[in-house]
Amino acid sequence: MQLSQLIKGLSEVTAQTPIDLAGDPQIDGADSLERAQRGQLCFLEKGHGLASLLPSSRASAILIPGRGDEALKLRQLASERGMAWVGLENPKLGFAEALELLYPRRTPAAGIHPSARVGSDSLVGEGTHLGANVSVGSHCVIGARCVLHPGVVLMDDVRIDEDCEVHANAVIHPGSRIGRRCVIHSAAVIGSEGFGFIPTENGWRRMPQIGVVILEEGVEVGCGSTVDRPCVGETRIGMGSKLDNLVHIGHGVQIGRHCAIAAQVGIAGGSQIGDHVILAGQVGVATRAVIEDRVTATSKSGLHGRVAAGQVVSGYPAIAHARWMRCVAAFSRLPDLLRAGRR
Amino acid sequence: MRFSELLETLPSIGDSASRDLADDPVIDSAASLISAATGQITFYEPGSADEIVPGTSPSALILPRGHERLRNSATQLGIAWVESDHPKLSFAELLEILHPEEAVECGIDPAARIDPTASLGADVSIGPFAVIGAHCRIGDRCRIHAGAILHSWVRVDDESEIHSGAVIHRRSVIGKGCVVHSNAVVGSEGFGFIPTASGLRKMPQTGHVVLEDQVELGCNSCIDRPAMGETRIGSGTKIDNLVQIGHGVTVGCHCALASQVGIAGGARLGDHVVLGGKVGVADKIRLGDGVKAYASSAIPGHLADGEIVCGIPAIPARQFIRSAAVFKSLPEMAKSLKRLEKQSPVQLSAQDSAPPPNRTVAPGPEPS
């Protein structure tokens with residue numbers, strides 16, 4: 001594809017976009033700045049330390065920040081290298097769009113593999129693909145244009161709306177509702193039984209878990225992640241929220257919209273998470289904690305109680321990030337502090 | 001099998017190794033140090049015990065070289081023994097002799113789904129409900145268990161084993177002699193999103209994953225593929241259960257990553273790195289060869305070769321241990337500080353008199 005053709009597909013590009021097509025090279029792939037070869041596109045984000053690599057890059061074209069102090073310098077460096085460049089507000093976003101054009105997603109053809117099993121009264125929408133050994137229970141509704149990869153298991157009464165993708169060996173338990181454009185990655189489990197037991201003299205007595213799990217539109221659940229169903233009511237994940245791999249969401253948890261939850265996070269039963277919350281890798285959230293909108297927790301922190309909107313927290317128990325960093329610095333000096341104290 | 005016959009099968013025990021065959025007992029199984037009974041063999045390592053564990057009656061022992069007390073103790077009790085430079089290694093060898101893995105019948109189960117464009121090597125075994133996608137290449141003597149799923153263009157080299165429920169995504173490469181345990185996922189989409197006004201927008205993940213030879217990946221562990229290029233695990237590296245390897249990570253050779261370790265996108269680990277359980281590694285950082293981290297550590301920044309670290313965020317282990325010892329007495333320290341403050345009108349500030357920290361603390365890992 002010629003570069004001029006490619007950039008027509010980028011949402012940010014207008015007649016005013018600063019561009020040097022440098023002979024309009026043929027672009028047939030993309031890679032990072034340091035690895036890109038002739039015929040490939042790369043990108044550079046604002047303030048990224050990699051700018052020094054530009055003069056030695058072999059890439060044919062680059063997406064660079066359209067404004068800011070470095071913009072002019074980067075344009076000059078690229079032009080000197082004979083590289084075509086496009087100045088964008090968000091070069092990373094442009095790169096994501098270009099990747100989709102250069103490497104179109106393969107969607108399997110519509111149809112049901114002969115080895116797939118669909119239970120009684122279940123409906124499969126138009127254009128939907130069911131791979132080998134897929135098992136769909138009874139009374140399920142699968143929307144149009146969904147892809148269920150091999151080995152996926154849907155138990156009874158599951159509803160999946162249009163344009164969803166469920167990857168290989170994922171399991172969706174009875175009564176779960178999956179909104180439009182959701183992606184469930186390989187071996188994830190939705191609607192598994194909540195971890196609810198009552199201590200009795202004869203040991204732990206199981207609490208029946210009759211609730212359901214609801215994923216709203218555009219949710220992603222990573223590989224091996226589990227979303228438990230509650231004893232009563234629902235476990236809900238809000239629109240556009242993304243869960244990484246190996247995340248555990250306990251029974252009855254409510255997650256707001258557009259949250260990003262990194263790998264190995266654990267959220268205990270009954271917690272409430274607001275909108276636009278970011279939980280970094282391996283964060284833990286205690287039972288019935290309330291995390292308000294736009295909270296960010298750095299990796300491995302342990303949250304409990306109520307965390308007020310907009311806070312950045314760290315440590316366990318989690319405290320304000322800046323204070324935690326000071327505590328951590330003091331921790332390294334504890335032996336010296338003890339000595340000073342004794343004096 | 002007689003003890004003397006058993007010894008002949010162990011490569012790690014030479015003819016010159018000291019031994020006492022006693023009455024050359026028949027050995028029919030292996031057991032742990034604390035449960036060994038007649039007819040069984042077990043092993044002692046340097047430091048595991050100074051005499052034969054009371055209440056046990058092993059028929060034979062593998063002992064560390066030069067441990068007089070254990071040797072004498074065994075001889076007195078009439079227990080046969082042999083010395084080894086590496087008792088645990090010798091024990092591993094004899095386990096394979098005494099408890100051989102059940103031979104799996106070669107062959108392809110009729111319920112396995114194999115795309116006609118896939119190529120299978122000699123003596124391959126494929127279990128029921130396994131799915132082998134288009135253009136896959138499976139090497140000789142590979143074993144693919146029930147329900148494992150290989151998407152298209154996957155390459156699995158000779159003598160590798162893929163356990164039940166594992167999912168191998170498109171274009172992944174699995175080297176020779178690898179083991180991918182149950183429900184592990186190789187080559188899944190990296191967690192890459194761009195915040196926009198209308199929510200988190202997906203960054204397409206067009207790369208793939210490479211496991212070099214002899215890599216082991218534990219149950220439910222996940223290795224993500226990157227936006228471009230590859231995520232690579234070096235030869236001989238062993239990864240425990242529930243480990244997350246982010247997109248674009250490079251792990252060197254012969255590393256050991258314990259259970260629940262998480263490595264964020266773009267990090268680069270050298271060779272022989274050992275990470276304890278639940279260790280977290282921040283995105284895009286470099287760990288030198290031979291780095292070791294204690295369990296639960298969070299590694300926020302680059303580490304040089306051979307560094308040993310501990311804590312959240314991780315600091316040199318020695319420093320951590322000294323600080324942790326003082327941490328326990330913080331309540332007393334706080335109390336005496338308060339007392340001093342009451343006695344003296346001058347504000348005490350221990351911080352001012354302390355030397356500056358010898359290490360700057362980088363911000364914690366961010367989500368990849």
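In this predicted model, Gln282(A) lies in the loop that runs between strand 32 (278-279) and strand 33 (284-285) of chain A. Most residues other than glycine have a negative phi. Around Gln282(A), 27 other C-beta atoms are found within 10 Å. Because the threshold for a buried residue is 20 or more such atoms, Gln282(A) is classed as buried.

A positive phi is also present in chain B, where Arg171(B), likewise a residue other than glycine, has a phi near 65°. Arg171(B) is placed in the loop between strand 16 (167-168) and strand 17 (173-174) of chain B. With 19 other C-beta atoms within 10 Å, Arg171(B) is partly exposed, since a residue counts as buried at 20 or more and as exposed at 12 or fewer.

Cis peptide bonds were also identified. Most peptide bonds are trans. In chain A, however, the bond from Tyr316(A) to Pro317(A) is cis, and its omega is near -5°. Pro317(A) belongs to the loop between strand 38 (312-314) and strand 39 (319-320) of chain A.

In chain B, Ile312(B) and Pro313(B) are joined by a cis peptide bond with an omega of about -10°. The loop that holds Pro313(B) lies between strand 37 (308-310) and strand 38 (315-316) of chain B.

Methods. Residues numbered from 1 in each chain as written. Chains lettered and ligands numbered in written order. Predicted model: local features only at pLDDT ≥ 70, side-chain atom pairs only at ≥ 80, totals over all residues. Helix = DSSP H or I, 4+ residues; strand = E, 2+ residues; numbered from the N terminus.
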